[in-house]
Amino acid sequence: MNAKAVLFALLPLAAHAQGFAGLGTAVDGYAIPEAGTPLVFPQDHGPHPLFRIEWWYLTANLSGPDGTPYGIQWTLFRTALAPSGAPEDQAWMGHAALTTRTDHFVAERLALGGTGQAGAEADPFRAWIDEWSFEGDLLGASTIAAQGPAWAYDLALTAQGPLVLQGDRGFSVKSEDGQASTYYSQPFLSVTGTLTLPTGDVPVTGQAWLDREWSSQPLADRQTGWDWFSLSFDTGAKLMAFRLNADDGTSFTSATWIEPDGTPTPFGNGAFQATPLATSEVADRSIPTTWRVTLPARGLDATVTALNPQAWMATSVPYWEGPVTVTGSHRGQGYLEMTGY
Amino acid sequence: MRALLAHWRRHPLQLLTLVLGLALATALWSGVQAINGEARASYDAAAQAVGEGTLDALLPPEGRRVTTAEWVALRRAGWLASPIIEGRLDGTRVLGLDPLTAPQGLGPLAVAEDADLSAFLSPEGALAGRADVLAALPPTVAAARIEAPGAPPGTVVTDLRTAARLLGVSGYDRLVLLPDQPLRRPPLADVAPSLRLQTPGEAADPGALTASFRLNLTAFGLLSFAVGLFIVHGAVGLAFEQRRPAIRTLRALGVPLGTLMLWLVLELTVLAVLAGALGLLGGYLVAAALLPDVAGTLRGLYGADVAGTLAFRPLWALSGLAMALGGTALAAASALRRLATTPLLQAGTRRSGAAYAVRRACRQALAGAALLLLALLIGLAGGGLIGGFATLGALMIGGALLLPLLLDRVLSLGARLSRRALPRFAWADARAELPGLSLALMALLLAMAANVGVSTMVASFRATFTGFLDQRLAAELYVDGVSEADLAPLLPEGARILPIARAPRTLAGLPGQVLTLRDDPTYRENWRFLQSVPGAWDRLAAGEGTLVNEQLFRRARLSLGAPLEVAPGLTLPVLGVYGDYGNPLAEAILPEALFSRSFAQPPEGFGLRVAPAEAAALAARLQAAFPASQVIDQAGLKALSLSIFERTFAVTGALNVLTLAVAGFALLMSLLTLADTRLPQLAPVWALGTRRRTLGRLELIRATGLALLTALAALPLGLALAWVLLAVVNVEAFGWRIPLLLFPLDWLRLLALALLAALLAALWPALRLSRTPPAVLLKVFSDER
């Protein structure tokens with residue numbers, strides 16, 4: 001399986017891929033997210049096959065007994081090959097990663113729907129591809145596991161807070177032209193479990209953040225990638241913020257400030273600012289791995305630094321994704337995802 | 001340099017000999033190599049497409065396919081496996097893989113680089129294959145066609161869904177295991193208890209099987225090249241001999257020997273490159289003409305798909321040119337050495353040459369005898385396929401080296417037995433000419449011996465094979481696609497049904513199959529065992545043992561009575577061994593009751609024993625009753641089998657004829673080049689009163705006589721060759737032994753061919769001689785130095 005092949009897998013009907021991973025390509029026949037559509041749980045934990053793309057995206061900042069920081073990622077992408085909604089017309093892609101200060105382990109799995117090899121169900125919630133699984137109660141206890149040729153993780157998650165709707169009650173606008181997705185999160189997951197590293201098992205604790213998002217054309221066709229932050233501050237507050245970059249050098253930002261009790265406050269374009277402070281050479285490209293992030297409305301002016309600058313996801317669709325630490329006006333940790341570099 | 005080149009202007013025929021000889025040799029060699037290269041590339045492509053030979057596979061139990069549930073259970077447990085569906089659609093291999101889980105570099109997207117996954121996953125589906133394969137697909141196949149030059153030959157690659165739909169199957173033929181498995185997996189036995197792990201070594205590897213066939217071809221190529229080298233050696237030697245005066249003059253004029261040698265080497269190099277290029281062109285044409293036959297052979301014999309078209313490979317061209325240059329160097333080395341070492345003023349007299357030649361013949365004979373001894377030793381010691389070919393090589397070269405001395409002895413005997421002057425002269429003259437002709441005659445010997453050997457092998461094979469077909473295809477009709485229950489009511493009184501069922505199974509570690517056999521007089525009457533225990537049929541019917549084919553018997557080194565695990569948990573002694581020609585698989589036979597207990601394999605067809613007179617009517621009735629089934633009569637099946645056989649050996653036949661043609665050409669060239677130098681010998685004979693016409697006739701008789709002697713010598717050599725081919729090489733290569741049968745009529749035909757070739761080769765020089773103007777003959781005396 002080569003990268004091009006998967007790109008085709010993800011873009012079955014795109015004659016000319018545009019933007020990152022073709023997410024800026026209009027496709028007829030699929031449902032479009034609409035503002036004001038109420039989210040219903042647990043049904044919306046399951047797949048929405050009438051939309052073209054969807055993901056279950058969990059990241060966790062963990063630490064070992066001696067305080068050594070780790071990060072893990074567990075992601076299941078669904079891409080419709082046709083707008084029929086039929087299981088056979090879905091392609092599934094799983095990405096898992098385990099990041100330490102010095103290592104970044106990545107694995108990828110692909111599957112066609114309709115066989116049971118991969119899928120997701122709402123109630124009881126479970127999402128899986130091959131032996132990688134994420135299942136349980138997103139407002140209670142759940143487990144998540146994945147492995148690669150030389151590493152593995154098995155984690156137990158416990159919800160410590162409510163689900164958080166991003167944007168306008170789950171309607172998350174992605175460009176001036178109105179491209180949008182349905183987007184909610186569970187950022188209040190505490191974690192205990194075991195990482196299996198080539199050097200041995202490490203018991204870990206920490207916190208995880210789940211993002212659920214589905215859409216049919218989330219990006220405008222001129223948008224080529226994004227810088228996406230999920231930060232948990234020591235105060236208990238959290239920030240989800242992204243900057244979508246267009247090919248003319250302009251960008252579109254959006255942010256949600258989440259109070260410790262889960263109350264979200266959305267911020268529109270421009271309120272949040274992210275500026276690269278330093279770059280690293282990663283996979284033959286220059287990638288900003290230190291950022292200055294500001295949200296003046298909440299007094300945020302902090303520096304976000306990658307735990308391991310080489311957290312490159314060398315998957316079919318490559319991108320950067322890894323744990324970060326926050327210093328400055330607020331202290332904390334989180335995850336950073338950068339695409340389109 | 002101009003002085004040296006002038007030689008070729010004066011002797012265009014020699015130039016032609018040199019270039020043509022080298023070109024022919026290169027053509028045959030490179031032609032065979034091109035075929036081999038294509039075949040090898042084809043297996044590699046075929047094996048790569050399914051990961052054969054590199055990846056572990058999981059196979060279903062006999063009689064069923066891997067289910068989706070089994071596969072998904074493996075994936076969910078952490079085993080990275082990917083399904084494969086394989087089948088044939090009107091002769092085209094259809095290969096279905098999962099584009100998303102197939103190992104790196106496998107699958108439809110790996111074959112069709114520019115293709116879009118959605119094309120394969122669309123409801124219509126898509127097939128990727130070479131243009132000729134796609135064109136050969138039945139038009140009724142509903143799927144998009146994607147041209148993919150990188151696809152394996154004879155194969156279309158597609159996704160699982162399309163493959164399942166086109167082939168009408170569900171489930172998978174096997175699962176391949178990806179090389180990089182994740183960290184933690186439960187044991188296979190826990191997840192998929194009924195699937196069997198097959199490591200790459202266990203799989204039937206068409207590459208390994210066909211290696212022997214390709215080795216056969218390579219041997220043929222080398223033989224052709226050797227024959228060509230004889231030509232070149234002769235031509236170069238003659239040219240140097242004739243240019244000796246010119247070289248002497250040049251050296252006397254002060255040209256240093258080194259410079260002279262350099263020019264000669266340069267000249268030969270240019271000629272070799274020229275001839276090599278010509279030869280490559282010829283080789284390409286030979287290969288292109290023969291490749292479809294070779295492809296047919298490999299498909300028929302081993303089930304390996306080989307592309308019927310030729311691709312140009314630069315490495316191949318380089319190796320061909322290298323052979324041409326190396327061959328020229330080899331052929332010219334001794335001539336150059338003699339040139340460098342002979343004293344400046346020594347004349348190249350014929351007598352000194354003749355004396356040298358006799359000494360050389362003795363030395364050659366000695367070497368030849370040693371080689372024959374070596375052949376005998378290697379042959380006795382065994383040593384597998386390589387040993388077999390070593391025996392062949394030593395035998396052929398040894399025989400060839402013995403020839404000059406043998407002929408010399410025969411001729412001197414003839415001369416002693418003759419009383420009258422003219423015959424005595426003729427014998428002695430022939431003997432004197434022997435050194436000049438001996439290379440051409442050795443080439444003829446090799447070609448003849450190869451011809452005798454290979455045709456004896458093929459004819460023995462054919463006779464054995466037809467006998468075998470008569471044994472095996474005893475039933476009057478064969479029908480498939482029906483059940484016994486449906487069939488029975490339609491059969492006339494007294495008809496007997498012989499079910500045909502086979503279950504794939506690894507036997508003694510070899511890829512193979514188990515067959516069922518209903519106890520029926522048909523088998524007892526028709527089958528002949530190669531070896532068997534007493535009462536083998538009765539004991540088989542009683543379920544006390546199994547029968548195995550010769551391939552299994554030999555490869556697994558079984559003996560009569562040896563235990564063999566025929567089915568899971570069923571180990572039986574070997575009761576008998578039957579010949580099974582043309583089958584690459586190991587095979588064992590179980591009586592019907594035991595077979596159906598061990599394998600849930602329904603019969604794929606039935607043989608029907610009916611009165612021969614009723615067969616045609618019954619066939620029509622069956623075809624009408626079961627339109628979907630295939631009814632084949634015995635004669636049709638035999639004809640089909642024989643046609644596969646004939647195609648198998650078409651290549652050897654063609655190569656045979658080519659080699660003989662090259663040898664004939666060598667003889668012609670030798671005679672022509674000798675003709676000019678013979679005038680000083682013939683002029684006195686003419687002056688003594690022998691008519692030119694008589695001299696011409698003597699020339700003819702001499703040439704055909706020598707050819708006859710050579711052919712006679714070739715006969716035992718050829719038979720020895722046939723024996724090695726049948727008893728050593730074939731057993732190793734194919735796994736069966738064929739009795740050596742003699743076909744004297746074939747020899748007569750060959751003999752006639754050889755004589756005809758010699759006659760044709762001698763005709764022109766003889767005609768020229770008989771028409772030589774007396775003035776030219778007279779001039780010989782005035783020119784005498």
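Predicted model: local features only at pLDDT ≥ 70, side-chain atom pairs only at ≥ 80, totals over all residues.
Reader: Which element gives the largest share of the side of chain B that touches chain A?
Author: The contact takes 22 residues from chain B and 23 residues from chain A. On the side of chain B, the elements that give two or more residues are helix H3 (68–77) and helix H5 (117–121) of chain B. The largest share, five residues, comes from H3(B).

Reader: How many residues of that side of chain B are nonpolar?
Author: The side of chain B that touches chain A includes six polar and six charged residues. The nonpolar residues number ten.

Reader: Which strands are the edge strands of the open sheet in chain B?
Author: Eight strands form this sheet in the order E5-E4-E6-E3-E2-E7-E1-E8 (chain B), with mixed pairing. An edge strand here pairs on one side only. The edge strands are strand E5 (144–147) and strand E8 (196–198) of chain B.

Reader: Which residue of E6(B) stands opposite Leu95(B)?
Author: Strands of a sheet pair through backbone hydrogen bonds, either parallel or antiparallel. E3(B) and E6(B) pair in the parallel sense over five bridges. The residue opposite Leu95(B) is Val157(B).

Reader: What angle does the direction of H3(B) make with that of E2(B)?
Author: H3(B) packs on the sheet, where it touches E2 and strand E7 (174–177) of chain B. The angle between the directions of H3(B) and E2(B) is about 155°.

Reader: Which residue just after H7(B) takes a positive phi?
Author: Helix H7 (residues 160–167) of chain B has the buried residues Leu160(B), Thr162(B), Ala163(B), Ala164(B) and Leu166(B). What covers these buried residues includes strand E2 (81–89), strand E3 (92–97) and H5 of chain B. Just after the helix, a positive phi of about 65° is taken by Gly168(B).

Reader: How many residues of strand E15 of chain A are buried?
Author: In a regular strand the side chains alternate between the two faces of the sheet. On one side of E15(A), Lys238(A), Met240(A), Phe242(A), Leu244(A) and Ala246(A) are buried, and on the other Leu239(A), Ala241(A), Arg243(A) and Asn245(A) are buried. Of the nine residues in strand E15 (residues 238–246) of chain A, the number buried is nine.

Reader: Which residue in the turn between E14(A) and E15(A) has a positive phi?
Author: Strand E14 (residues 223–233) of chain A runs antiparallel to E15(A), joined by nine bridges. Ser230(A) stands opposite Met240(A) in E15(A). The two strands form a hairpin with four residues between them, and the residue with a positive phi of about 95° is Gly236(A).

Reader: What is the bridge partner of Lys238(A) in E16(A)?
Author: Eight bridges join E15(A) to strand E16 (residues 251–258) of chain A, and the two run antiparallel. The bridge partner of Lys238(A) is Ile258(A).

Conventions: Residues numbered from 1 in each chain as written. Chains lettered and ligands numbered in written order. Contact = placed C-beta atoms within 7 Å. Nonpolar A, V, L, I, M, F, W, Y, C, P; charged D, E, K, R; others polar. Buried ≥ 20, exposed ≤ 12 C-beta atoms within 10 Å, placed from the backbone. Pairing = 2+ DSSP bridges. Axes fitted to C-alpha atoms, helices over the stretch in contact; angles between N-to-C directions.
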